[in-house]
Amino acid sequence: MKTFQLSISPFVFQIETDIPLVLENAKLIYQSGYTEDIQESTYVDYFLSITFSNGLRRFFRPQARFLCDDREPFKPLHANQAFAMLEWGMNWTVAAHELDYAIVHSAVLAKDNKAILFPAPPGSGKSTLTAHLSQNGWRLLSDEMALIQPKTNRVRPFVRPVCLKNSSIELAKAWFPDATYSSIARHTHKGDVIHMAAPSEASAACDEEAEIVGIVYPNYKADTTLDIYPMNMTESFMQLVSNSFNFTVVGNESFDTITQVIEQSKHFEIFYNDLNEVSAFLDEEIIHAN
Amino acid sequence: MVDETFSQELELKKGMRLHPFLDGSGIVLFDPTRTFVSSLNVSKETFFGWLRSPDELNDKNAELLNTLIHQGFVVALDHAQSEPL
């Protein structure tokens with residue numbers, strides 16, 4: 001059994017594992033954020049484990065189990081999906097426990113320290129869009145969750161790899177051959193899955209908050225030009241709340257935070273298939289708009 | 001079907017929060033105890049007009065107000081305890 005820590009600002013995770021695939025991928029993807037040199041003085045936010053199931057399962061179709069303290073939020077998965085399971089487990093851990101931020105299920109990218117949130121359900125192309133923007137002049141703050149400072153419109157980076165699925169995997173590898181990728185987790189409930197490491201500039205800026213200036217609800221459509229629909233604040237508020245992980249727990253503070261974010265942002269729903277068009281639109285209409 | 005409480009003035013239940021958006025697109029109501037939200041695409045002034053004269057609403061708006069009553073945001077005005085808004 002090995003123990004390592006991942007320092008992913010603003011959190012430190014301490015993880016136990018006996019699965020070589022987890023160690024290899026964690027080192028590869030997190031690089032300087034990964035350490036096996038455990039210092040007692042380091043404050044650990046979350047203690048996790050991802051280990052082989054016991055008994056015969058260790059040898060016959062081996063499975064991986066994820067635990068956060070003594071809680072097991074997911075059913076065991078095939079061991080070849082263990083690193084993806086750790087990533088999903090870290091997402092679950094933060095979403096289920098963190099009360100210091102208003103947390104929204106959303107990608108976050110920034111330019112000139114102005115951030116845009118991309119709340120979206122699976123299948124909207126959010127992660128492909130995130131991967132593309134993060135490699136083309138936009139700073140990645142998160143692929144999965146916006147950590148919004150309470151009663152402000154400022155978002156804290158939580159720089160993690162981008163989770164790509166199915167046909168997006170080959171697309172990303174062709175577009176960004178120099179990026180770092182995890183091994184493929186095949187046949188997960190989301191299909192084949194790979195994690196693309198965050199660009200080093202994004203990791204280096206992991207403590208630089210950005211001001212939220214836009215909220216864009218993306219929808220990928222293969223046969224469309226860029227269609228843009230401005231949204232009003234009331235519609236956008238209801239959508240953002242429905243994408244919030246901890247609204248029902250944090251309550252009043254979350255309500256104040258989200259109303260403030262809504263009032264200081266522009267709001268759009270977009271239908272797209274050309275990522276460069278989306279980037280140009282975001283630049284002109286949100287980042288550099290007066 | 002219109003609720004019986006529509007025969008009298010209504011008010012926002014104590015403790016409920018209301019936020020009108022700057023773009024005038026509508027208001028959101030928040031119940032901090034149940035952490036439940038609801039929205040209406042009307043201004044704050046229009047909404048309070050509905051509460052003062054619920055019997056004058058058309059069917060569509062009466063149904064919206066009825067929903068807020070059932071969600072626990074709006075109650076019959078208690079004159080003994082009412083305070084200026």
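Author: Two residues are in contact if their C-beta atoms, placed from the backbone, lie within 7 Å. This is a predicted model, in which local features need pLDDT of at least 70, side-chain atom pairs count only at pLDDT 80 or more, and totals for chains, interfaces and linings use all residues. Residues are numbered from 1 along each chain as its sequence is written, while chains are lettered from A and ligands numbered from 1 in the order in which they are written.

Reader: How many helices and strands does chain A have?

Author: Helices (H or I, at least four residues) and strands (E, at least two) are DSSP runs, numbered from the N terminus. Chain A has nine helices and 18 strands.

Reader: Which strands does α2(A) lie across?

Author: Axes are lines fitted to C-alpha atoms, for helices over the stretch in contact, and angles run from 0 to 180 degrees between N-to-C directions. Here α2(A) lies across β13, β14 and β15 of chain A, at about 70 degrees to β14(A).

Reader: In what order do the strands of that open sheet come?

Author: Two strands pair if DSSP finds at least two bridges between them. The order in this open sheet of three strands is β13-β15-β14 (chain A), with antiparallel pairing. Because β13 and β14 of chain A each have a single partner strand, one side of each is left without a neighbour in the sheet.

Reader: How are two packed helices described?

Author: One gives the angle between their axes and the distance between the axes. For α1 (residues 20-30) and α2 (residues 82-97) of chain A, the angle is about 65 degrees and the axes are 8 Å apart. On the α1(A) side the contact is made by A:Leu21, A:Val22 and A:Asn25, and on the α2(A) side by A:Ala82, A:Phe83 and A:Leu86.
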